[in-house]
Amino acid sequence: QVQLVESGGGSVQAGGSLRLSCAASGYFYSSRCLGWFRQAPGKEREGVAASYTGGGSTYYADSVKGRFTISKDNAKNTLYLQMNSLKPEDTAMYYCAASLSVACYTAGPPSGQFFAYWGRGTQVTVSS
């Protein structure tokens with residue numbers, strides 16, 4: 001079991017920055033995949049960043065590449081998403097997720113169906 005709690009969301013103007021945190025407990029250290037997903041009203045959930053512990057690789061959606069950075073502090077059991085140069089289209093509820101199964105490994109976008117553990121989300125609103 002893994003418990004996840006996000007924080008760090010808020011309202012910023014375009015061009016600003018936020019750092020989302022995801023505090024984890026349980027078998028966090030055994031996670032095969034860690035990811036950040038977002039969902040805007042009326043849109044499908046999107047995987048924006050993922051960290052695959054097996055090969056040490058990371059994934060970023062094209063829409064956030066070069067602006068967002070996913071990182072992990074194992075000592076603090078915390079996953080982060082540093083978001084810079086925010087745009088109004090980044091407005092969404094952001095969720096962190098974890099998977100203990102290798103089924104989550106992929107060369108492409110993370111698939112939410114393979115992530116068994118989810119936080120409740122933190123809202124990010126970017127105004128123009």
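Contact here means heavy atoms within 4.5 Å. The model is predicted.

Start at arginine 38. This residue is found in strand 4, which covers residues 33-39. Set aside its neighbours within four places in sequence, and arginine 38 is in contact with Glu44, Arg45, Glu46, Val48, Ser63, Val64, Phe68, Glu89, Asp90, Ala92, Met93 and Tyr94. Is arginine 38 buried or exposed? Its relative accessibility is 7%, so arginine 38 counts as buried. The cut-off for buried is under 20%.

A search of the whole structure finds four aromatic pairs. In one of them, the rings of phenylalanine 37 and phenylalanine 115 have centres 5.2 Å apart. Their planes stand at 80 degrees, so this pair is edge-to-face; the cut-off for that class is over 60 degrees. Phenylalanine 37 lies in strand 4, while phenylalanine 115 lies in the loop between strand 9 (92-99) and strand 10 (117-118). The pair therefore ties together parts that are 78 residues apart in sequence. Both phenylalanine 37 and phenylalanine 115 are buried.

Phenylalanine 37 also pairs with tryptophan 118. That pair is tilted, with 4.8 Å from centre to centre and 50 degrees between the planes. Tryptophan 118 is in strand 10 and phenylalanine 37 in strand 4, so the pair ties together parts that are 81 residues apart in sequence. How accessible is tryptophan 118? Its relative accessibility is 29%, so tryptophan 118 counts as partly exposed. Phe37, Phe115 and Trp118 form one aromatic cluster.

The charged end of arginine 45 sits over the ring of phenylalanine 37, 5.7 Å from the ring centre.

Now turn to the covalent links. The count comes to two disulfides. Which parts of the chain does the pair tie together? Cysteine 22 lies in strand 3 (residues 18-26) and cysteine 96 in strand 9, so the linked parts are 74 residues apart in sequence. Cysteine 22 is buried, and so is cysteine 96.

Cysteine 33 and cysteine 104 form a disulfide with sulfur atoms 1.8 Å apart. With 85 degrees about the S-S bond, the link of cysteine 33 and cysteine 104 is right-handed. It joins distant parts of the chain: cysteine 33 is in strand 4, and cysteine 104 is in the loop between strand 9 and strand 10, 71 residues apart. Cysteine 33 has a relative accessible area of 0%, so it is buried. Cysteine 104 is buried as well, at 1%. Counting bonded cysteines along the chain, the disulfides follow the pattern 1-3, 2-4.

Phenylalanine 37 lies in strand 4 and pairs with phenylalanine 115 in the loop between strand 9 and strand 10. Cysteine 33 is in strand 4, linked to cysteine 104 in the loop between strand 9 and strand 10.

Note on methods
Residues are numbered from 1 along each chain as its sequence is written. This is a predicted model: local features need pLDDT of at least 70, side-chain atom pairs count only at pLDDT 80 or more; totals for chains, interfaces and linings use all residues. Side-chain values use heavy atoms; hydrogens and water are left out. Helices (H or I, at least four residues) and strands (E, at least two) are DSSP runs, numbered from the N terminus. Buried means under 20% relative accessible area, exposed over 50%, partly exposed in between (1.4 Å probe, protein chains only). Rings of Phe, Tyr and Trp (its six-membered ring) pair if their centres lie within 6.5 Å; planes under 30 degrees apart count as stacked, over 60 as edge-to-face and the rest as tilted. A charge sits over a ring if NZ of Lys or CZ of Arg is within 6 Å of the ring centre and within 35 degrees of the ring normal. A disulfide is a pair of cysteine sulfur atoms within 2.5 Å.
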